[in-house]
Amino acid sequence: MSGKNPAATSKTWSNRWTFMLAAAGSAIGLGNIWKFPYIAGEYGGGAFVFVYLICILVMGVPLLMAETLIGRHTRLSPLNSMKKLSSDLGASKLWHNIAWMGMLCGFLILSFYSVIAGWSLSYAWELITGVFNGMNAEQVGSEFAALTASATRQVGFHTLFMVLTLAITARGIHKGLEKGLQIMMPALFVLLLVMLGYSILETGQFARGVEFMFSVDFSKITGEAISAALGQAFFTLSLGMCALMAYGAYMPSTNSIGRTAINVAVLDTLMAIVSGLIVFPIVFANGMEPTAGPGLLFVSLTSAFANMPMGELFGFIFFVLVGIAALSSAISLLEPAVSWMSERTNLTRPVATTLLCIAVWFVGLGTVFSFTGDFKLSIFDKNFFEFIDYLTNSILMPLGGVLIAVFAGWKMKRSTLMNQLALSVGMFNLWRAMIRVVVPVCVGVVLFTTVF
Ligand code: PHE
């Protein structure tokens, strides 16, 4: 490939696009394609989307920059970054907890993420083998219910997904990631556009979908909707759990952090919006409810694939690509813990990764059995999957985000920050004001109301 960065060592990505790809690979995943439509549907569409977009712009982009710059400044794993920085700055050891929380959060998210990615692989298989051919939306819905009722199938595909994650992560950043992502992310985007074309031309409900997503009914902006939108903004940009800090450590020093952050946020948002614009028209055309929950993507899109020419093939490719997008996110969920374990212990990277993956796999069984209904544990009226989702999305990620913002804004030296960001003084001051005041206050208030 042209444009290699001559300064790249084995510790930095080999050219300036690679960080973008890796960060976009982390950001774009099930959060955009699976989660965004169903959460937007649950919270009434436009109002949610409106708050979500504000959160991305006002909090997401500045935080993305903060996380990346911390990683690139120290070039260490998140935990060692926080250790080094807090000792250099004479700050409390309590700041190390940002990294501990991040590792825990990544671990917990991956445990359910892998199960859902497993659904996607299972759908790819069923589509290509023609199981869905000619089915109507109701029949597709029963197929989905059968999948979530089957422990064997879910555990099987969850295992497959974890093995794939393990295989790629264990090989390290260069060999494992770079090549595949350069082809697969654009391919996913093209396929989304094909499906968008289908929603526009074939469903007859595109206008209704657009209206559902973009007409804002301000009375629907409840505290709960704001908390969900903020959580989703963090989730979709991979914020608040040190994934981007871990990746920042490999980012060449010539890359612009600000420009990269904006590119990643724009790409990520585009993917989410396009997914919504695909899903909702199909939902309306088939008389389904936008509030259907985690099955929304699987049932709506598959109903379309079931009845379009070459639907098996398109559907197969689509769900494989969703699985791959999930894989590039999964790797980043694991990276903070893997990089720490291989720096800290004398375990090799493959061994550290294997141990972690086994543990994640095991916790993931809790999610499988929440869906089958065999695991009856109920915490705050939520099943295990809903609880882990709530804990990570509504508590750990926002909390991590506030702490990272306060640390970068109030503890780190202005000169370090300026050096890393290389912005004009005006832009720098704007960024710093966001990270010092706007992010901690807004996220803090939402977090406080969520918890109490
Ligand atoms: N951003 C990913 C997605 O939208 C999920 C993720 C969260 C990845 C946190 C890494 C860290 O699917």
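So, Gly-31: one of its polar backbone atoms sits 2.7 Å from an oxygen atom of the ligand, and I call that a polar contact, meaning a pair of N or O atoms within 3.5 Å. Before I go on, this is a predicted model, where local features need pLDDT of at least 70, side-chain atom pairs count only at pLDDT 80 or more, and totals for chains, interfaces and linings use all residues. Residues are numbered from 1 along each chain as its sequence is written, and side-chain values use heavy atoms, with hydrogens and water left out.

A polar backbone atom of Leu-30 is 3.1 Å from a ligand oxygen, and a backbone N or O atom of Thr-236 lies 3.1 Å from a ligand nitrogen. How much of the ligand does the protein bury? It buries 100% of the 320 Å² that the ligand exposes when taken alone (Shrake-Rupley, 1.4 Å probe). Around the ligand there are 15 residues, each with a heavy atom within 4 Å; Ala-27, Gly-31, Tyr-113, Phe-235 and Ser-238 are the closest.

Now, friends, some helix packing. The axes of helix 2 (residues 30–42) and helix 16 (residues 384–411) come within 15 Å and cross at roughly 95°, with axes fitted to C-alpha atoms over the stretch in contact and angles running from 0 to 180 degrees between N-to-C directions. That makes helix 2 roughly perpendicular to helix 16, a label for angles of 65 to 115 degrees. Trp-34, Lys-35 and Tyr-38 of helix 2 make the contact (heavy atoms within 4.5 Å) with Phe-385, Asp-389 and Asn-393 of helix 16.

Notes. Helix = DSSP H or I, 4+ residues; strand = E, 2+ residues; numbered from the N terminus. Parallel < 35°, antiparallel > 145°, perpendicular 65-115°, else oblique. Polar contact = N/O pair within 3.5 Å; in protein donor to acceptor, adjacent residues only side chain to side chain.
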